[in-house]
Amino acid sequence: MFLFIGCEESQAAKEIRLRQTAERVTQQKVRVAEEIVSNINYFMDPRTKLCFAYYRENYSKGGPALATVPCEAIQPNLLGTAPISE
């Protein structure tokens, strides 16, 4: 003989659980964004004066990424210049 006793989750408990889940998701998104931002390098090609953002850590999701960005949007202390090899 088995006796199963249960109760339905109260609305307040559901709201708390949903809020906690939403907070965990938000925290995870913040951690991912911080990781991505900390792995972006900015550099200028001195031949063309174009600036690029290079994301060097993305091997688990297909590899690194490169994008052009407005040079004026990059703080000077973050901007490197690519050496010209001749």
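C71 is partly exposed, with a relative accessible area of 22%, where partly exposed means a value between the cut-off for buried (under 20% relative accessible area) and the one for exposed (over 50%), computed with a 1.4 Å probe and protein chains only. The model is a predicted one, in which local features need pLDDT of at least 70 and side-chain atom pairs count only at pLDDT 80 or more, while totals for chains, interfaces and linings use all residues. Residues are numbered from 1 along each chain as its sequence is written, and side-chain values use heavy atoms, with hydrogens and water left out.

**The disulfide**

- The structure has 1 disulfide, a term that stands for a pair of cysteine sulfur atoms within 2.5 Å.
- Whereas C71 is partly exposed at 22% relative accessibility, C51 is buried at 1%.

**The chain as a whole**

- The chain contains 1 helix and 4 strands, in the order α-β-β-β-β when read along the sequence; here helices (H or I, at least four residues) and strands (E, at least two) are DSSP runs, numbered from the N terminus.
- Of the 86 residues in the chain, 12% are buried.
- The chain exposes about 7,500 Å², of which carbon and sulfur atoms supply 58%; accessible areas come from the Shrake-Rupley method with a 1.4 Å probe, and for residues only the protein chains shown count as cover.
- Among contacts between residues at least 6 apart in sequence, 27% join residues at least 24 apart, a contact being heavy atoms within 4.5 Å.

**How the strands pair**

- Two strands are said to pair if DSSP finds at least two bridges between them, and β1 and β2, which run antiparallel, are joined by 6 bridges.
- Within this pairing, N41 has Y54 in β2 as its bridge partner, and Y42 stands opposite A53 in β2.
- The hairpin of β1 and β2 has 4 residues between the strands, and K49 in this hairpin takes a positive phi near 65°.
- β1 is also joined to β4, in this case by 3 bridges and with the strands running parallel, and the bridge partner of F43 in β4 is G80.
- β2 pairs with β3 in the antiparallel sense over 5 bridges, and Y55 stands opposite A65 in β3.
- As background for reading such pairings, side chains in a regular strand alternate between the two faces of the sheet.

**D45 and R47**

- The structure holds 1 salt bridge, which is defined as a side-chain nitrogen of Lys or Arg within 4 Å of a carboxyl oxygen of Asp or Glu.
- This salt bridge is formed by the side chains of R47 and D45, at 3.0 Å from N to O.
- The backbone nitrogen of R47 also lies 2.9 Å from a polar atom of the D45 side chain, a polar contact, that is, a pair of N or O atoms within 3.5 Å, where within protein one must be able to donate a hydrogen and the other to accept it, and where residues adjacent in sequence count only if both atoms are side-chain atoms.
- D45 belongs to strand β1 (residues 40-45) and is buried at 12% relative accessible area, whereas R47 is exposed at 65%.
- When its neighbours within four places in sequence are left aside, D45 is in contact with L50 and F52.

**N39, between helix and strand**

- N39 is placed in the loop between α1 (11-38) and β1, and N39 counts as buried because its relative accessibility is 12%.
- Leaving aside its neighbours within four places in sequence, N39 touches Y54, Y55, R56 and E57, with which it is in contact.
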